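Dear colleague,

Please find below the structure that I am handing over to you. My findings on its helix packing and its nonpolar cores follow.

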Amino acid sequence: MTATHARDRFDLVPDASAEAAFVDALARGRLHHAWLLCGPEGTGKASFAYRAARRLLGAAPDPARGLLGARPDDPVSRLVSAQSHPDLLVLERLVEGGKTKRNISVDQARELPDFFAKSPSQARYRVAIIDTADDLNLNAANALLKVLEEPPERGVLFLITHAPGRLLATIRSRCRRLGFPAWSEDRLVELVARRTGVVGDAGRRAAAMAGGSPGRALSLAEGPVVEADEMARAWVAAPAVDRAEQLAVIDGFRGAEGQARFDMLMERLIAAVRERALDEAAGQGARWAELWTRLSDLPDRASGLNLDKGDVLSGALADLARTKAMTC
């Protein structure tokens, strides 16, 4: 199941206190020109940015969807979802040739001054979202700093960051900070049940795998990730992995969705090994921890070197088998 992009989420309220702080600033006429949205990945920072952007761009409020709620069929919402609102600029890593670039470039960041130099064409404000500020290269960060040093009239920036400590201190100091903490497992269980109808062990497992992320919990609840998680856990627990099952899984790595299946299975295998490392006694746990470290590097290395996905999984399972043999 493909995850819904933040610009198309309308019924998820990432953090009620953050929305209240923003609405209060807007109502009092004390709206800061730059907002630093901080917190672990997947905690709703981008969803908040788009919700706030829709409000600033003139979407009619829909209280049933929270303080910053708007209807999906509102004209402003439609333009934002279509990525065609003239008063909204979004900077994110570009995709070229099917591959996502490593950084947001300085050329992209240089679009900001020209964008904010123009008066709003349809709304009261012009809005820019940087998703994420962590992806700015050094030159791009310096280009952004120039905009922050001269706040644009009727312009608002939302900077999403998973690691604010890595940003330039001069950027952080010029922004108002809003924190988005990870959700508790119980809160995620309730969200999954209410939004998807998935309850019991399945709902609890989706919440546990989500790592505090509401959007991820919803995706996991109805997606094939639960099956991948069950398979990974079985492989870690079993004395050996069935060769026929392994080959069948590798065969599924072909085609347009093969990469997604590979990424999903490797993620769950790494998580299962990590849990085993934490559960084992000190001596054996160290060997499982070493395996976890090795496996954690595999997906990025496989992507960077364009390695065969089947060979990568086979190598990971061989490493798993060796670890089991050493810890028997």
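In this predicted model, α11 and α13 pack with their axes 8 Å apart, at an angle of about 45 degrees. Because angles under 35 degrees count as roughly parallel and those from 65 to 115 as roughly perpendicular, the two helices are oblique to each other. The crossing in which α11 passes α13 is right-handed.

Which residues bring α11 and α13 together? On the α11 side they include Val-225, Ala-228, Met-231, Trp-235 and Val-236. Among those they meet in α13 are Met-264, Leu-265, Leu-269, Ala-272 and Val-273.

I then turned to the nonpolar cores. The largest has 43 residues, and Leu-269, Leu-295 and Leu-313 have the most contacts inside it. At least two residues of this core come from each of α8 (185-196), α9 (200-209), α10 (214-222), α11 (225-237), α12 (243-251), α13 (258-279), α14 (282-305) and α15 (309-327). The largest share, nine residues, is supplied by α13.

Leaving aside residues up to four places away in sequence, Leu-295 touches Leu-269, Ile-270, Val-273 and Ala-316.

Another core, of 31 residues, lies apart from the largest one. Ala-6, Ala-59, Ala-70 and Ile-129 are among its members.

With kind regards

Key
Residues numbered from 1 in each chain as written. Predicted model: local features only at pLDDT ≥ 70, side-chain atom pairs only at ≥ 80, totals over all residues. Heavy atoms only, no water. Core = buried A, V, L, I, M, F, W, Y, C linked by side-chain atoms within 4.5 Å. Buried < 20%, exposed > 50% of the residue type's maximum accessible area, 1.4 Å probe, protein only. Helix = DSSP H or I, 4+ residues; strand = E, 2+ residues; numbered from the N terminus. Contact = heavy atoms within 4.5 Å. Axes fitted to C-alpha atoms, helices over the stretch in contact; angles between N-to-C directions. Parallel < 35°, antiparallel > 145°, perpendicular 65-115°, else oblique. Left-handed = near helix turned anticlockwise from the far one by under 90°.
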